[in-house]
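Here's a quick briefing to read alongside the structure. Have a look at the model first, then go through the notes below.

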Amino acid sequence: MLLLDDLQNLALATAVQEQEKLTSDSVRQGARHMIEYARTDPEGFWQIFVDKMNHFCLSVLGALLIFIIGIFLIRWIKHILMRVFDRRKTEKTIASFVTSFATISLSVLLIVISISTLGVDTTSLAALLAAGGLAVGMA
């Protein structure tokens, strides 16, 4: 009976190892490791979980705060630009174009800053925006 249990455990362990080799999905492997860690050391798991959640929640709150403050700053800058153009009696189409360009540029910058606050790598997004700016500039 003991030999049969050992053989079953060995077969199960071998099957699990083969399945992990076939599975290239890192999320599944990470989840499996996390579950195994939770089974072996529940207190340590919950301590790490709470620390990571605190860090994530603070990042999300920081990103939201930056975004909300940025929206108000963009509106304030837009209002100031419109007042300056009105005082100088600038043509409405030029004033509208400059104001729209500044608003859109600042909004894109705000979104990139908010995303980078969450910990997302924004270098590829910055390169994409630079390539788009170059294409528009050459057109």
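F67 counts as partly exposed because its relative accessibility is 32%; buried means under 20% relative accessible area, exposed over 50%, and partly exposed in between (1.4 Å probe, protein chains only). Bear in mind that this is a predicted model: local features need pLDDT of at least 70, side-chain atom pairs count only at pLDDT 80 or more, and totals for chains, interfaces and linings use all residues. Residues are numbered from 1 along each chain as its sequence is written, and side-chain values use heavy atoms, with hydrogens and water left out.

**F67 and its patch**
- F67 lies in helix α3; helices are DSSP runs (H or I, at least four residues), numbered from the N terminus.
- Together with L58, L61, L64, I68, F72 and I111, F67 makes a nonpolar surface patch of about 700 Å².
- Patch members have over 30% relative accessible area and no salt bridge, and nonpolar side chains (Val, Leu, Ile, Met, Phe, Trp, Tyr) are joined within 5 Å.
- Helix α3 gives the most to this patch, with six residues.

**K78**
- K78 also sits in α3, which covers residues 42-87.
- K78 counts as partly exposed because its relative accessibility is 40%.
- Beyond its neighbours within four places in sequence, K78 is in contact (heavy atoms within 4.5 Å) with T99 and T103.
- The C-alpha atoms of K78 and T99 are 6.2 Å apart, though 21 residues separate them along the chain.

**S59**
- S59 is another residue in helix α3, and it counts as buried because its relative accessibility is 14%.
- Not counting residues up to four places away in sequence, S59 touches T117 and L118.

Note on methods: Helices (H or I, at least four residues) and strands (E, at least two) are DSSP runs, numbered from the N terminus. Patches are made of residues with over 30% relative accessible area and no salt bridge: like charges are joined within 9 Å, nonpolar side chains (Val, Leu, Ile, Met, Phe, Trp, Tyr) within 5 Å. Accessible areas come from the Shrake-Rupley method with a 1.4 Å probe; for residues, only the protein chains shown count as cover. A salt bridge is a side-chain nitrogen of Lys or Arg within 4 Å of a carboxyl oxygen of Asp or Glu.
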